[in-house]
Amino acid sequence: MPASFVPSATDYLRFLPEIIMIAIGTLIMLLEPLLGGNKKNSLSGLTVLGFIAALVAAVMANGMPGTSFSNMLIVDGFATFFRVLVIGVGILTVLSSAQYLKREHAASAEYYALLLFSVTGQCVMATANELIMIFIGLEISSIATYILAGYLRDDKRNNEAALKYFLLGSFATAFLLYGIAWIYGTTGTTNLMDIRAYLMTPGVHRNLLAGTAAALMFVGFAFKVSAAPFQVWAPDVYQGAPAPVTLFMSAGPKAAAFAVFLRVFMTAFEPISPRWEPFVWSSALLTMVIGNFAALSQTNIKRLLAYSSIAHAGYVMVAIASHSQIGVAAAMFYLAAYALMNIGAFAVITHFSRQGEKFLEVEDLAGLGWKQPVTAALFCIFLLSLIGVPLTGGFFGKFYIFKAALDANLIWLSVLGLLNSAVAAYYYLRIIVVMYMHEPGESTVTLQPLGAGITATLWAAALGTLILGIFPSLILNFATSSSVLAK
């Protein structure tokens, strides 16, 4: 940023969602010492209000598109889509966390502040128009999420998850930072559009150096979205982290990482696409195969859904491999549908696991269809959407992704992706069979009534999943118009 640069009111208005979330997160931490133990639960309401205010500000900012702070940030339809998505994930995470934190005697301002700061970093990632800003946003989000993964300090599983996530995440971030340094040394800039312009300049013969930088940055992004061969952290971290944090990690940070992935590779590195496309489709295929086939043998429900999350990252990678505007729109739609159905599935697990998360085996779900029929029915909607059954958001998400792949002549990748979806149907349907057709064991789970927050999360996620399946154009039209990235 030039020394003489003075931010304008428009700059601040375009950055208002992040300002609001930072302010509310700081306020919550300052308020906690003034509140009694019983009043700490009220912090969840203030956090939700902060997220809603940020959501309104993000929609308002969309009415004044353009760059801010000397072209470091950009507000366009693409940024607004992911801003709204990750803030929505934050709201549903808070709603599904309140009962869990009360049950674990762990409600504190720290938890809600970390959620706000993590979503702030994700919004910075979505709006970043410059590699340094991408790195800053990524670190803000990642550091907060590392801490959330180990939030229950007395739980050894939490400690292990946080340590693994931090160590492997730092390793992957080093690759990303090295790639940023490499592309800066090659082009002399870290602005995405300037990098693109440089690589399109006639007579420039540095594609090998730029390709190496793209490969290094691919490692960092692939880790964040849990794409193969950098997915090994996901099952252990998802299983060990608190259930609401797993819910959050599987949707918010992943969506923001894909937003950056799309922005960087479809803007800055678009001129050298023949060099990075083989990496992407190879990773997409490997990710789908590893995720789906590893999930077949899982008995722990969180670990099963972790491998499921890996597989779904592979489907989004197929859309990126298509290297087209349709592919970008398909990825955006699928990430919205996936966030809803995955949040719903993990919300059920958050409710069902009970104190200490003792009931997390698939067989522990036996008889849920009779003990809590509404909860089981909503869980079925999420599982059927994860399979890709018609009239759910997951169906149209996969339909648009494979259509984009077919339009790009990736026929064999589409066929293998569809076969992987058929494999996935087995382990999702197995959960439904257990819920409705297996008798509860001797150590049957005594379920408490659903809390207000969990109920709101389940119904919001279920309605969203069905709306995207019945009226997909509501989101798809905006995704399509927003998929034309600035160049």
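Which residues touch the most other members of the largest nonpolar core? They are Phe82, Val264, Phe269 and Phe379, in a core of 170 residues. A nonpolar core here is a set of buried Ala, Val, Leu, Ile, Met, Phe, Trp, Tyr and Cys residues joined through side-chain atoms within 4.5 Å. Keep in mind that this is a predicted model, where local features need pLDDT of at least 70 and side-chain atom pairs count only at pLDDT 80 or more, while totals for chains, interfaces and linings use all residues. Residues are numbered from 1 along each chain as its sequence is written, and side-chain values use heavy atoms, with hydrogens and water left out.

**The big picture**
- The protein has 21 helices and two strands; these are DSSP runs (helices are H or I, at least four residues; strands are E, at least two), numbered from the N terminus.
- The radius of gyration is 22 Å, close to the 23 Å that the globule rule gives for 487 residues, so the protein is as compact as a globular protein of that length. That radius is taken over C-alpha atoms, and the rule is 2.2 Å times the number of residues to the power 0.38.
- Some 60% of the 487 residues count as buried, meaning under 20% relative accessible area, with exposed over 50% and partly exposed in between (1.4 Å probe, protein chains only).

- H15 gives the core its largest share, 21 residues.
- Beyond its neighbours within four places in sequence, Phe269 is in contact (heavy atoms within 4.5 Å) with Ile183, Leu199, Ala210, Ala214, Met217, Val264 and Trp276.

**A look at helix H20**
- The 19 residues of H20 (residues 452–470) should span 27 Å at 1.5 Å a residue, and the end C-alpha atoms are 27 Å apart, which agrees. The expected span is 1.5 Å times one less than the number of residues.
- Looking down the axis of H20, you'd find its buried residues within an arc of 160 degrees, so they line one face of the helix. The arc is that of the directions from the helix axis to the C-beta atoms.
- Among the buried residues of H20 are Gly453, Ile454 and Leu468.
- Those buried residues pack against H4, H15, H17, H18 and H21.

- Ala228 and Pro229 are joined by a cis peptide bond, with omega about 0 degrees; Pro229 sits in the loop between H9 and H10.
- His323 isn't a glycine, yet its phi is positive, about 50 degrees. You'll find His323 in the loop between H14 and H15.
- Asn409, in the loop between H18 and H19, also has a positive phi, near 65 degrees. Asn409 counts as exposed, at 61% relative accessibility.
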